[in-house]
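Hi there,

Here is the structure I promised to pass on to you. Have a look at it first, and then read on for what turned up in it.

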Amino acid sequence: MNTHSAGKRLRDALLIERPLQMAGAINAYCALLAEHAGFNALYLSGAGIANASYGLPDLGFTTLDNVVEDIHRITHATHLPLLVDADTGFDDIATTSERFIAAGAAGMHIEDQVTQKRCGHRPNKKLVSSDEMCDRIHTAVSARSDPNFVIMARSDALAVEGMASALQRIQHYVDAGADMIFPEALTALVQYQQIRNTINVPILANITEFGKTPLFTVAELQSASVDIALYPLTAFRAMSAAALEAYTTLRTTGTQTTLLDKMQTREELYHHLDYYRYEQQLDKELDHEK
């Protein structure tokens with residue numbers, strides 16, 4: 001067993017922090033910022049890839065290649081373990097599992113929606129049967145070359161079929177081999193506790209803004225036996241609002257001077273990038289060539 005694998009690092013992170021705060025990072029630089037802020041694990045959102053990398057809504061437009069490219073970029077920038085949104089598994093779940101591992105991901109979550117999926121906090125979601133989802137999980141588990149690579153099952157059943165069905169589905173998913181569970185769009189802490197009373201694998205709470213789930217605090221989630229607190233697009237939403245303000249200010253006033261106190265400085269950028277180390281190495285190489 002490879003104790004240095006990304007999957008092992010994710011599992012180890014759960015041992016040192018409960019609930020594990022998992023920061024969403026839409027690109028490599030955001031991953032570095034999250035690492036420098038002290039996070040122990042990262043997340044790559046399917047919506048983040050669609051929105052930020054391609055300017056598209058999260059409606060199943062992006063491909064496996066699109067996701068793998070962003071995984072590569074993030075995992076080459078940081079050693080923090082990265083959980084990745086695999087939607088419904090793409091065209092071939094076994095291939096998805098293999099390529100995610102090769103790209104450096106620590107784990108992936110697959111969901112029980114139909115292929116033409118919806119955002120978990122939007123209406124009109126449709127689910128596949130429990131048996132079909134269990135087949136997805138079994139395929140992903142069987143295909144992984146690293147036994148530590150995390151296969152997480154996301155279920156949207158609560159909003160579609162109610163809690164009784166959601167609990168039954170989740171138990172089936174664990175029995176099929178899911179290492180962790182991601183119950184989507186929960187609305188009360190007691191619901192997480194109900195799931196904990198049903199299963200004994202880690203549970204993720206998706207604390208996304210402007211959705212169905214209240215913005216529970218870490219302490220509240222801990223009281224409900226939640227293992228991972230996910231913030232998939234918090235930074236992206238803040239960045240996007242700041243970018244729009246900057247563009248609007250430039251366009252309407254003709255100068256960015258009123259924005260300077262809101263900006264990351266050049267020196268701060270260089271600090272996070274370790275710029276001077278790279279520059280010194282370049283200087284040494286140039287001197288050697290003389």
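Let me start with a pair of histidines: the side chains of His272 and His36 make a polar contact at 2.6 Å. Please keep in mind that this is a predicted model. His272 sits in helix H12, which covers residues 266-273. Besides His36, the residues that His272 touches are Tyr29, Leu32, Leu33 and Gln264, if those up to four places away in sequence are not counted.

Next, the sheet. Eight strands make up an open sheet with parallel pairing, and their order is E6-E5-E4-E3-E2-E1-E8-E7. The edges are held by strand E6 (180-183) and strand E7 (204-206); each has a single partner strand, so one side of each has no neighbour in the sheet. On average, neighbouring strands are turned by 25 degrees against each other, with direction ignored.

Strand E2 (residues 42-44) and strand E3 (residues 82-85) run parallel and are joined by three bridges. Here Leu44 is placed opposite Val84 of E3. Helix H4, residues 64-75, packs on the sheet and touches both E2 and E3, and the direction of H4 makes about 165 degrees with that of E3.

Then there is helix H8. With 13 residues, H8 reaches 18 Å from its first C-alpha to its last, close to the 18 Å expected at 1.5 Å a residue. Its buried residues are Met163, Ser165, Ala166, Leu167, Arg169, Ile170, Tyr173 and Val174. What do the buried residues of H8 pack against? Their partners are helix H6 (130-143), strand E5 (150-155), helix H7 (157-161), E6 and helix H9 (189-198). Just after H8 comes Gly177, which takes a positive phi of about 120 degrees.

Ile170 lies in H8, which spans residues 163-175. Is Ile170 buried or exposed? Its relative accessibility is 2%, and because buried means under 20%, Ile170 counts as buried. Leaving aside neighbours within four places in sequence, Ile170 is in contact with Ser155, Ile181, Pro183, Ile195 and Ile199. As for Ala23, it is 147 residues from Ile170 along the chain, and their C-alpha atoms are separated by 24 Å.

Happy browsing, and do write back with any questions!

Best wishes

Conventions:
Residues are numbered from 1 along each chain as its sequence is written. This is a predicted model: local features need pLDDT of at least 70, side-chain atom pairs count only at pLDDT 80 or more; totals for chains, interfaces and linings use all residues. Side-chain values use heavy atoms; hydrogens and water are left out. Two strands pair if DSSP finds at least two bridges between them. Helices (H or I, at least four residues) and strands (E, at least two) are DSSP runs, numbered from the N terminus. Axes are lines fitted to C-alpha atoms, for helices over the stretch in contact, and angles run from 0 to 180 degrees between N-to-C directions. Contact means heavy atoms within 4.5 Å. A polar contact is a pair of N or O atoms within 3.5 Å; within protein, one must be able to donate a hydrogen and the other to accept it, and residues adjacent in sequence count only if both atoms are side-chain atoms. Buried means under 20% relative accessible area, exposed over 50%, partly exposed in between (1.4 Å probe, protein chains only). The expected span of a helix is 1.5 Å times one less than its number of residues.
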